[in-house]
Amino acid sequence: MDRERAGTAQLPRNSNTELLRKLSAIVNGHGKTATFACGGSVDPTDASKDGRTPGVTIRWDARDDRDPHKTSFPCSQGTTQGFEALVQRCEPATFGLENRDVLDEGYRKAGKLDNTAFSTNFHPHDYGIVDAVQQILMPYTMGGAQGNSTQPHGVRAELYKLN
């Protein structure tokens, strides 16, 4: 009986080991040609694909839960009050160092707002960013390994923090 259970318990482990071996072979096969990062910039004054009004608007909550605030980018010449109010509303942002969250403004001074405290009309899909990231970082998912996949794969953009 114990032998029977041991053999049964061994099955998933062997299956996992085999799956990991196959995954390792696939990853190692693309290691020399794989892209792991990409970058770029967006001009917020350009109209997006869907023809919306150009520019980016950010709305945020006041600390005392009074009326919400709003600013738009690019800021008009000499009109930075909204931007300055946004910077004042931000909390100090930590950074990761050796599995800890560290606040050291001498090294990195940055502010943040959690996604529950602000909203924006900017979405990376509108500017083709998500498609570009998928094409660069995940080229084999566009049509499957043989170029014939009809299943959706890829990148999903989520509002995380304003930083």
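**Close-up views of a predicted model**

**View 1. Lysine 112 is found in strand S6.** Strands (E, at least two residues) and helices (H or I, at least four) are DSSP runs, numbered from the N terminus. With a relative accessible area of 16%, lysine 112 is buried (under 20% relative accessible area; exposed is over 50% and partly exposed in between, with a 1.4 Å probe and protein chains only). Beyond its neighbours within four places in sequence, lysine 112 is in contact (heavy atoms within 4.5 Å) with residues including Cys90, Glu91, Lys161 and Asn163. The model is predicted: local features need pLDDT of at least 70, side-chain atom pairs count only at pLDDT 80 or more, and totals for chains, interfaces and linings use all residues. Residues are numbered from 1 along each chain as its sequence is written, and side-chain values use heavy atoms, with hydrogens and water left out.

**View 2. Phenylalanine 95 and tyrosine 107 form a tilted aromatic pair.** Rings of Phe, Tyr and Trp (its six-membered ring) pair if their centres lie within 6.5 Å; planes under 30 degrees apart count as stacked, over 60 as edge-to-face and the rest as tilted. Here the distance is 5.2 Å centre to centre, with 40 degrees between the planes. Phenylalanine 95 lies in strand S4 (residues 95-97) and tyrosine 107 in the loop between strand S5 (100-102) and strand S6 (111-114), so the pair ties together parts 12 residues apart in sequence. Phenylalanine 95 is buried at 14%, whereas tyrosine 107 is exposed at 63% relative accessibility.
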